[in-house]
Amino acid sequence: MNKITIQKHKIGGNEPIFVIAEVGVNHNGDIKIAKKLIDAAKAANVDCVKFQTFITEEVIAEDAPLAQYQKITSTVKTQRELVKKLELSIDSFKELKQYVESLDLVFLSTPFDFKSIDLLTELGVSGFKISSGDLTNKPFLERIAQTGKPIILSTGMAEIHEIHESVEWLKKTGNSNYCLLQCTSSYPTQISDCNLTTIPVLQKEFQVPVGFSDHTIDSVAAIVSIGLGAKIIEKHI
């Protein structure tokens, strides 16, 4: 099985589990909250803190509706209004990257548009996490793969033939430095919907490290996933 390396961390085989604290947009657009979440991640002894980088107007239509779970927790009327409040500037990400690395953690962020790929590349990220929603986005995957950096690719909602196709796109760029995450794209995910037996299937099928992107509310699924061979745990905080 192939391994990948992100900074000093080797992932795969008998290496330690690589644990990612997924802050995402839970900072609510406030860099002070972001730093408190980084501190919490450090206290939890994770390896990596991950954010999400996007330019709202590049990815969300003006009249895009809210998802049902967002309607429950939000006072705005459109997806664009909601997401704009969660957008951080590139200067904020520079400051957060420095803060994360001062704590001897890995800084990663998932880009959602082409400009954000370029911004993160210029920022010097050591790898890319690609969200499930972009697994079938060929131009997007190719642009990220062409950076030559390690890739962690989530597979939520995907069928096996789609994962094969996406992996071939990556390989054709000359970048075979990738791994996969089993993911169920619901928030929160019920443990009965985690489908963790997919982990050994993906390992056998692709011969790369496979991890688990955990959207459940406790730690049970993550622990079980390690028993099934997960080499990465990504947990929303």
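Me: Why does M157 count as exposed rather than buried?

Reply: In this predicted model, M157 has a relative accessibility of 65%, and since exposed means over 50%, M157 counts as exposed. The residue is found in the loop between β7 (151-154) and α8.

Me: What makes the phi of M157 worth a remark?

Reply: Phi of M157 is positive, about 75°, although M157 is not a glycine. Most residues other than glycine have a negative phi. A second case is N195, a residue other than glycine whose phi is near 55° and positive.

Me: Why is N195 called partly exposed, and where does N195 lie?

Reply: The relative accessibility of N195 is 46%; buried would require under 20% and exposed over 50%, so N195 falls in between and counts as partly exposed. N195 lies in the loop between β8 and α9, and P188 also lies in the loop between β8 and α9.

Me: What makes the bond between Y187 and P188 a cis peptide bond?

Reply: The omega of the bond that joins Y187 and P188 is about -10°, and the bond is cis. Most peptide bonds, by contrast, are trans.

Me: Which residues are closest to the centre of the largest pocket, and how is its lining divided by class?

Reply: The largest pocket holds about 1400 Å³ of space, and of the 41 residues that line this pocket, V25, Q52, Y69, Q70 and Y187 are the closest to its centre. Two or more lining residues come from each of β3 (18-24), β4 (48-53), α3 (68-73), α4 (79-84), β9 (210-214) and β10 (232-236). By class, the lining of the largest pocket comprises 16 nonpolar, 18 polar and seven charged residues.

Me: What lines the second largest pocket, and which element gives the largest share?

Reply: The second largest pocket, with a volume of about 150 Å³, is lined by 14 residues, of which T155, A158, Q182, N195 and T198 are the closest to its centre. At least two lining residues are supplied by each of α8 (160-172), β8 (178-183) and α9 (198-206), and the largest share, three residues, comes from α9. Seven residues of the lining of the second largest pocket are nonpolar, six are polar and one is charged.

Me: How do you know that the buried residues of helix α6 line one face?

Reply: The buried residues of α6 (residues 114-123) are S116, I117, L120 and L123. Seen down the axis of α6, these residues fall within an arc of 125°, so they line one face of the helix. In general, an α-helix has 3.6 residues a turn, so residues three or four places apart point the same way. The buried residues of α6 pack against β4, α5 (90-102), β5 (106-111), β6 (128-130) and α7 (138-145).

Me: What makes D113 a cap of α6, and what follows the helix?

Reply: A side-chain oxygen of D113 lies 3.2 Å from the backbone nitrogen of K115, and D113 thus caps the N-terminal end of α6; the cut-off for a polar contact is 3.5 Å. After α6 comes G124, whose phi is positive, near 90°.

Me: Why is S126 called buried, and which side chain does its own side chain contact?

Reply: S126 has a relative accessibility of 17%, and because buried means under 20%, S126 counts as buried. The residue is found in the loop between α6 and β6, where its side chain makes a polar contact of 3.3 Å with the side chain of Q7. Leaving aside neighbours within four places in sequence, S126 is in contact with residues including I6, F107 and P150.

Me: How do you know that E15 and K3 are joined by a polar contact?

Reply: The side chains of E15 and K3 are joined at 3.1 Å, and a polar contact requires N or O atoms within 3.5 Å, so the pair qualifies. E15, in the loop between β2 (9-11) and β3, counts as partly exposed at 24% relative accessibility.

Me: Is T78 buried or exposed, and what lies by its side chain?

Reply: The relative accessible area of T78 is 18%, and the cut-off for buried is under 20%, so T78 is buried. A polar atom of the T78 side chain lies 3.2 Å from the backbone nitrogen of E81.

How values were computed. Residues numbered from 1 in each chain as written. Predicted model: local features only at pLDDT ≥ 70, side-chain atom pairs only at ≥ 80, totals over all residues. Heavy atoms only, no water. 1 Å grid on protein atoms, 1.4 Å probe; cavity = no way out; pocket = protein on both sides within 12 Å on 5 of 7 lines; lining within 4 Å. Points joined across faces, edges and corners; volume = space filled by probe spheres on them. Helix = DSSP H or I, 4+ residues; strand = E, 2+ residues; numbered from the N terminus. Nonpolar A, V, L, I, M, F, W, Y, C, P; charged D, E, K, R; others polar. Buried < 20%, exposed > 50% of the residue type's maximum accessible area, 1.4 Å probe, protein only. Arc of directions from axis to C-beta. Contact = heavy atoms within 4.5 Å. Polar contact = N/O pair within 3.5 Å; in protein donor to acceptor, adjacent residues only side chain to side chain.
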